[in-house]
Amino acid sequence: MYLHLGSNISVPTDDIVGIFDLDHASTSATTRAFLRAAEEEGMVVTVGTELPKSVVVCCPRGSWQRLYISPLAPATLVRRAESGRWEEESE
């Protein structure tokens, strides 16, 4: 199954390591350093142009780690993943 992250970007649910609230996650200096290093390594994919609300950490089999910065709220993404719903839904 796939999880829709916004702007026609979907990822396999089996590849998802975690879904994090960007506001809370970015308060830690360690997390900010991790995000900065991931960006420098080209592992960050920005989904859409709207204000980012969540970070979805994926680790596809046989590939490098990817971080998706999504404009969708973490609760919305978790709800979609748990329900099997991946298409657009109003927030």
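**Strands, cores and cysteines**

Reader: Which residue in S2 stands opposite Gly6?

Author: This is a predicted model in which local features need pLDDT of at least 70 and side-chain atom pairs count only at pLDDT 80 or more, while totals for chains, interfaces and linings use all residues. Residues are numbered from 1 along each chain as its sequence is written, and side-chain values use heavy atoms, with hydrogens and water left out. S1 and S2 are antiparallel partners joined over 4 bridges (strands, E, of at least two residues and helices, H or I, of at least four are DSSP runs numbered from the N terminus; two strands pair if DSSP finds at least two bridges between them). In S2, the residue opposite Gly6 is Ile9.

Reader: What is the phi of Ser7, in the turn of the hairpin?

Author: The loop holding Ser7 lies between strand S1 (2-6) and strand S2 (9-12), and the hairpin leaves 2 residues between its strands. Asn8 is also placed in this loop and, although not a glycine, has a positive phi of about 60°. For Ser7, likewise a residue other than glycine, phi is positive and near 50°.

Reader: Is Asn8 buried or exposed?

Author: Buried means under 20% relative accessible area, exposed over 50%, and partly exposed in between, with a 1.4 Å probe and protein chains only. Ser7, at 43%, is partly exposed. The relative accessibility of Asn8 is 74%, so this residue counts as exposed.

Reader: How many residues of S1 are buried?

Author: S1 is one of the elements giving two or more residues to the largest nonpolar core, as is strand S5 (54-58). Such a core is a set of buried Ala, Val, Leu, Ile, Met, Phe, Trp, Tyr and Cys residues joined through side-chain atoms within 4.5 Å. S1 is largely enclosed by the rest of the structure because its buried residues number 4 of the 5.

Reader: How many residues has the largest nonpolar core?

Author: Its members include Leu3, Leu5, Val11, Tyr68 and Leu77. Leaving aside neighbours within four places in sequence, Tyr68 is in contact (heavy atoms within 4.5 Å) with residues including Leu5, Val11, Val47, Val56 and Cys58. Another core, of 8 residues, lies apart from the largest one, with Leu22, Met43, Val57 and Ile69 among them. The largest core has a membership of 10.

Reader: Which are the edge strands of the open sheet of 4 strands?

Author: The order is S3-S5-S6-S4, with mixed pairing, and the twist averages 20° from one strand to the next. S5 and strand S6 (residues 66-70) run antiparallel and are joined by 5 bridges, with Val57 opposite Leu67. Helix H3 (residues 74-83) packs on this sheet, touching S3, S5 and S6, and its direction makes about 145° with that of S3 (axes are lines fitted to C-alpha atoms, for helices over the stretch in contact, and angles run from 0 to 180 degrees between N-to-C directions). The strands that pair on one side only are strand S3 (16-21) and strand S4 (44-46).
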